[in-house]
Amino acid sequence: MATFTHHLQGTSDTEITDTDTLQFAGGTFDSRITVGDYNDSTHVKTDTDTDKSSGNTPNNNDYDTASLPIADADCALKINFSHGSSVETTSAIFYAYDGTTTTDAPTGMTFYAAEGADDSSWTNAEGSGSALSLADNSSAATSHDFYIAVSASPDSVGEKTGNMYRMELTYF
Amino acid sequence: MTRNIKWTVGLSDGSNKQSDKGEFKRVKGELSPWQKLLNYIDEKGLKITSLALFIEGKRWNLPSKGNQPKFRAFDEAKSPNSYRFFRKMGVDILNGKKKDVEHYAVAEAQYNNKKLQIWVKDKEPYPSWSIVLNNKKG
């Protein structure tokens, strides 16, 4: 069985489980980002509104200030793909969309992503047509990690809900 | 409930092989059945001449040089140059929460400039789609 596991990296990883929220914030947990600015901190928030990642010094990737390429260990997101059998992965992509139509950009926000040590520039990964392409894993294994720097900025005042990010890959 | 759609291939020596059977069984930690098949045909110098997906009495065939209906359309149809099998997985994350995880089995017939893919969702009742793509795209 194939599974994806999502982590916010830091001094220790914080797993983002099905009931948690990945939070882009201002300088501190639960703080707002000014319109046009990018996240100054990234957190994992539980369904009881607590800061799950507080003890792990979570990584943050700021589109305005980050110097690329970003080392794998310094990326905010680590997505692990695991499978019972040893498989290769190809054609992996990652992008944000409005939560309804995969070709449409997320609503009310700007989103950038880059793949760890492999990318020397950001991808404005909004909609499937602009997805960030992730490197192939051409050596078969039961576990493959993807390191992704992510950064977001609100285009207007107010909470942004309904947008999603999506990851797809091929394995065999 | 997610199942596991299997593949069956015809090989250029006239034999048929299928996943999760005999030497192509799925064993935890070992190469996947398709990886085992790729190694097998490489060692034996064989080619894949047909590819189909199947599960629970349902079967999805790609065009082939093997057994097919007698209608003229099948005589005139172009045979694929090669075949490929893979699985696709996609996950949507809403505000950090997993919203939907999809698993598909894909059988692909490759032609000079195009490829025909049959996608079967690995979940009952196994809905399927066919698409034609330019060969350069993954």
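From the N terminus on, the elements of chain A follow the order β-β-β-β-β-β-β-β-β, which comes to nine strands and zero helices; here helices (H or I, at least four residues) and strands (E, at least two) are DSSP runs, numbered from the N terminus. This is a predicted model, in which local features need pLDDT of at least 70 and side-chain atom pairs count only at pLDDT 80 or more, while totals for chains, interfaces and linings use all residues. Residues are numbered from 1 along each chain as its sequence is written, and chains are lettered from A and ligands numbered from 1 in the order in which they are written.

The radius of gyration of chain A is 16 Å, which agrees with the value near 16 Å for a compact globule of 172 residues; the radius is taken over C-alpha atoms, and the globule rule is 2.2 Å times the number of residues to the power 0.38. Along the principal axes, the C-alpha atoms of chain A fill a box of roughly 45 × 35 × 30 Å. Of the 172 residues in chain A, 43% are buried, a residue being buried if 20 or more other C-beta atoms, placed from the backbone, lie within 10 Å of its own. Among contacts in chain A between residues at least 6 apart in sequence, 69% join residues at least 24 apart, where two residues are in contact if their C-beta atoms, placed from the backbone, lie within 7 Å.

The table lists strand pairings, two strands being paired if DSSP finds at least two bridges between them.

| Strand | Partner | Sense and bridges |
|---|---|---|
| Strand 5 (residues 77-97) of chain A | Strand 8 (residues 137-154) of chain A | antiparallel, eight bridges |
| Strand 6 (residues 109-115) of chain A | Strand 8 of chain A | antiparallel, seven bridges |
| Strand 9 (residues 164-171) of chain A | Strand 5 of chain B | antiparallel, eight bridges |

In the pairing between the chains, A:Thr170 stands opposite B:Lys88 in strand 5 of chain B.

Where the two chains meet, 27 residues of chain A are in contact with 25 residues of chain B. On the side of chain B that touches chain A, helix 1 (33-44), strand 5 (82-94) and strand 6 (97-110) of chain B each supply at least two residues, and strand 5 of chain B gives the most, with 10 residues.

Key. Buried ≥ 20, exposed ≤ 12 C-beta atoms within 10 Å, placed from the backbone.
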